[in-house]
Amino acid sequence: MIKFLHCADLHLDSPFKGLSSLPEGLFQRLSESTFLSFKRLIDLAMTEKVDFVVIAGDLYDSGNRSLKAQSFLKNCFVKLESYNINVYISHGNHDPLDGQWVNLDWPSNVHFFEGNSIQTLQFEREGRKVACLHGFSYETAAVTDNRTLHYPEKKDDLYHIGILHGQADGYSGHSRYAPFLVSELLKKGYDYWALGHIHKKMDLSTEPPIRYSGNIQGRHSGETGGKGGYIVTLNGTEVESVFHATSDIEWHEGNVDLTEAESLQQVITLCERELGIYQQPQKGVFLVLKLSGQTNLFEELLDGVFLEELHEILLEDDHAESFVHVVSIKNETKPSIQDEMSIKQSGFFKDLRVVLKDDLELEQAIAELTTHKTARKYLELENQDWEEIQKQAERLLLSELHKSR
């Protein structure tokens with residue numbers, strides 16, 4: 001039997017782009033959240049008395065690793081060494097081997113996978129081989145070839161664990177690095193595949209487990225829910241996996257249905273009630289609040305001043321261990337059914353909707369932004385981004401036509 005911790009995508013030193021306008025104390029806590037989440041994972045590994053820790057890529061947020069982040073990791077690994085816990089690490093596209101950093105002396109329990117080829121590292125217990133771990137590190141930031149063919153097949157009774165930081169074919173949402181097919185991984189006969197790169201925990205297979213553990217701390221509103229790692233126990237052919245949420249701050253999206261609301265005071269009351277649902281002991285929550293439903297208050301809610309004042313009312317002054325901070329309010333309400341039907345049946349709306357559904361039109365609309373030195377850094381649009389832009393454009397169009405009636 002072996003027991004290990006599987007985690008990935010630490011992204012230490014994450015800059016949390018777009019959130020610098022948060023209150024200073026809150027932004028500082030967010031900046032430290034990746035470190036705290038990993039510290040909790042290390043404490044978990046020691047409490048669970050695991051044999052080793054697997055980190056499947058992207059320990060750092062960039063190739064230029066800070067001395068602070070490296071020193072932090074070294075201290076964590078020294079603690080694990082005192083508990084005779086090994087660490088097996090692969091570097092991903094965010095922290096490739098050709099990056100710049102200060103070379104530190106790592107404790108003897110830490111094992112890094114090399115670049116350019118698949119490497120096999122062995123875990124021994126009391127001088128006896130127990131498990132083989134197979135993986136590689138990104139030698140550069142753009143590893144775009146499929147390397148799964150070079151992983152060796154299992155041909156003995158040892159436990160075999162594959163470590164891979166990459167994109168499964170057929171799954172969208174991240175850059176297509178080190179692509180692979182699930183069927184290719186299954187052919188290897190391994191007992192477990194520890195995946196990294198996708199920031200959402202996800203099982204691509206259960207027998208054997210082929211699993212993304214997700215990142216350890218949500219960094220924006222698209223990375224919702226608890227983040228952390230898995231404690232995995234392999235006992236013969238049996239596998240037990242338990243997910244542990246260690247993130248200090250969780251992102252959530254709350255929904256407030258205003259269909260039955262009859263006044264703006266009711267809107268405030270319903271929003272305050274929604275905040276109470278997300279309050280968690282000793283955990284911070286960043287909440288994106290969505291107002292939805294077909295409501296007679298649609299026109300009043302188009303008033304940006306009210307939404308700004310609503311946001312201020314909902315903000316907490318005290319950001320202690322437990323808090324719910326409303327990051328933003330999305331107004332996705334619609335006019336009453338009768339008003340919406342009247343607007344959408346107009347020929348003008350139908351013509352404009354055709355334009356909104358045209359991806360080429362959208363690309364041309366933001367073309368100038370892609371050449372702007374500052375703006376283009378924030379325009380790495382993925383499929384769900386395009387879908388959201390289309391939805392927002394349609395809502396804006398509906399709002400403007402409603403006001404002009």
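Buried, in this talk, means under 20% relative accessible area, exposed means over 50%, and partly exposed is in between, using a 1.4 Å probe and protein chains only.

Ser 137 is buried, because its relative accessible area is 0%. One thing to keep in mind is that this is a predicted model, where local features need pLDDT of at least 70, side-chain atom pairs count only at pLDDT 80 or more, and totals for chains, interfaces and linings use all residues. Residues are numbered from 1 along each chain as its sequence is written, and side-chain values use heavy atoms, with hydrogens and water left out.

Back to our serine. Ser 137 sits in the loop between strand E6 (128-135) and strand E7 (159-165). When I say helix or strand, I mean DSSP runs numbered from the N terminus: H or I of at least four residues for helices, E of at least two for strands. What does the side chain of Ser 137 reach? It reaches the backbone oxygen of Phe 113, at 2.6 Å. That is a polar contact, a pair of N or O atoms within 3.5 Å; within protein, one must be able to donate a hydrogen and the other to accept it, and residues adjacent in sequence count only if both atoms are side-chain atoms. Leaving out residues up to four places away in sequence, Ser 137 also touches a set of residues including Ile 89, His 91, Asn 116 and Arg 147. Contact here means heavy atoms within 4.5 Å.

Now the overall picture. The protein has 11 helices and 15 strands, and of its 405 residues, 48% count as buried. Among contacts between residues at least 6 apart in sequence, 71% join residues at least 24 apart.

For those of you who think about cysteines: how many disulfides does the structure hold? The count is 0, taking a disulfide as a pair of cysteine sulfur atoms within 2.5 Å. Cys 7 is buried at a relative accessible area of 0%, and Cys 132 is buried too, at 6%.

Next, a lysine. Lys 3 belongs to strand E1 (residues 2-7). Is Lys 3 buried or exposed? With 18% relative accessibility, Lys 3 counts as buried. A polar atom of its side chain lies 3.2 Å from the backbone oxygen of Glu 48. Beyond neighbours within four places in sequence, the contacts of Lys 3 include Lys 49, Phe 52 and Ile 231.

Lys 49 deserves a stop of its own. It lies in the loop between H1 and strand E2 (52-56), and counts as exposed at 70% relative accessibility. Most residues other than glycine have a negative phi. Lys 49, however, has a positive phi, near 55 degrees. Asn 84 also has a positive phi, near 60 degrees; this residue is in the loop between H2 and strand E3 (86-90), and is exposed at 68%.

The axes of H1 (residues 24-48) and H2 (residues 67-82) come within 10 Å and cross at roughly 10 degrees. Axes are lines fitted to C-alpha atoms, for helices over the stretch in contact, and angles run from 0 to 180 degrees between N-to-C directions. H1 and H2 are therefore roughly parallel to each other, a label for angles under 35 degrees. Among the residues making the contact are Phe 35 and Phe 38 of H1, with Phe 72 and Phe 77 of H2.

Let's move to the strands. An open sheet of 3 strands runs in the order E13-E14-E15, with parallel pairing; two strands pair if DSSP finds at least two bridges between them. Its edge strands are E13 (249-257) and E15 (323-331), each pairing on one side only. The twist averages 25 degrees from one strand to the next. E13 pairs with E14 (residues 284-292) over 9 bridges, and His 252 stands opposite Leu 287 in E14. Helix H4 (residues 264-277) packs on this sheet and touches E13, E14 and E15.

In E15 we find Asn 331, which is partly exposed at 21%. Its side chain makes a polar contact with the side chain of Thr 333, at 2.7 Å.

Finally, a peptide bond to look at: the one from Glu 207 to Pro 208 is cis, with omega near 0 degrees. Pro 208 is in the loop between E9 (202-206) and E10 (209-212).

Technical notes: Angles under 35 degrees count as roughly parallel, over 145 as roughly antiparallel, 65 to 115 as roughly perpendicular and the rest as oblique.
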